[in-house]
Amino acid sequence: MIFSRRTGESEMTWLQAVETAVRREAARSANGVFTRRELLANEQDRIQSDCGGGGETPEQTISRCLQELEDAGTIRFLDMQGTYQLID
């Protein structure tokens, strides 16, 4: 978490906010599978709120964070339709 001078409250980084959202989204299915589309539809507003703003390209930032989570071994990319599985 980081401290925001703007709000005076702690805010998550984009990566922290996306990982938290991924865990919520994966919990909605029995096998931890979710799509990027579902994540954006269900969690984008909260992700942006959790990290204190939207930036110019929030969907692309979320995609970058998904790639970082995949690189870290937290999620697995399953197919070209944007399907992921939480593995951590």
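1. Two strands are said to pair if DSSP finds at least two bridges between them, and helices (H or I, at least four residues) and strands (E, at least two) are themselves DSSP runs, numbered from the N terminus. With those terms in hand, β4 and β5 can be described as antiparallel strands joined by four bridges.

2. Before going further, please keep in mind that this is a predicted model, in which local features need pLDDT of at least 70 and side-chain atom pairs count only at pLDDT 80 or more, while totals for chains, interfaces and linings use all residues. Residues are numbered from 1 along each chain as its sequence is written, and side-chain values use heavy atoms, with hydrogens and water left out.

3. On confidence, the mean pLDDT (the predictor's confidence in each residue, from 0 to 100) of the protein chain is 90, and 90% of its residues reach 70 or more. Over residues 1–8, however, the pLDDT is below 50, and beyond near neighbours in sequence this stretch has 15 contacts in the model, a contact being heavy atoms within 4.5 Å. Where pLDDT is low, the predicted coordinates should not be read in detail.

4. As for the overall layout, the protein chain holds three helices and five strands, and from the N terminus on its elements follow the order β-β-α-β-α-α-β-β. Of the 88 residues of the protein chain, 36% count as buried, where buried means under 20% relative accessible area, exposed over 50%, and partly exposed in between (1.4 Å probe, protein chains only). Among the contacts in the protein chain with a separation of 6 or more, 51% come from residues 24 or more positions apart.

5. The sheet to look at is an open one of three strands, in the order β3-β5-β4, with antiparallel pairing; its edge strands are β3 and β4, each of which pairs on one side only. From one strand to the next, the twist averages 35 degrees. Strands of a sheet pair through backbone hydrogen bonds, either parallel or antiparallel.

6. The individual partners can be followed along β5, where Leu 86 is the bridge partner of Ile 75 and Gln 85 stands opposite Arg 76. β5 is also joined to β3 by three bridges, the two strands running antiparallel, and here Tyr 84 in β5 is the bridge partner of Phe 34. In the hairpin of β4 and β5, which has three residues between the strands, Gly 82 takes a positive phi near 80 degrees.

7. Helix α1 covers residues 14–26, and its 13 residues reach 18 Å from the first C-alpha to the last, close to the 18 Å expected at 1.5 Å a residue, the expected span being 1.5 Å times one less than the number of residues. Its buried residues are Ala 17, Val 18, Ala 21, Val 22, Glu 25 and Ala 26. They cover an arc of only 160 degrees around the axis, which puts them on the same side of α1; the arc is that of the directions from the helix axis to the C-beta atoms. The elements that cover these buried residues include β3 (33–35), α2 (36–50), α3 (58–71), β4 (75–79) and β5 (83–86).

8. In the loop between α1 and β3 one finds Ala 27, which is exposed, with a relative accessible area of 62%. Although Ala 27 and Leu 86 are 59 residues apart along the chain, their C-alpha atoms are separated by 9.0 Å.

9. Helix α3 has 14 residues, which at 1.5 Å a residue should span 20 Å, and its end C-alpha atoms are 20 Å apart, which agrees. Its buried residues are Pro 58, Thr 61, Ile 62, Cys 65, Leu 66 and Leu 69. They cover an arc of only 145 degrees around the axis, which puts them on the same side of α3. The face turned away from that buried side carries the exposed residues Gln 60 and Asp 71, and just after α3, Gly 73 takes a positive phi of about 85 degrees.

10. Finally, α3 lies across β3, β4 and β5, running at about 110 degrees to β4, where axes are lines fitted to C-alpha atoms, for helices over the stretch in contact, and angles run from 0 to 180 degrees between N-to-C directions. What covers the buried residues of α3 includes α1, β3, α2, β4 and β5.
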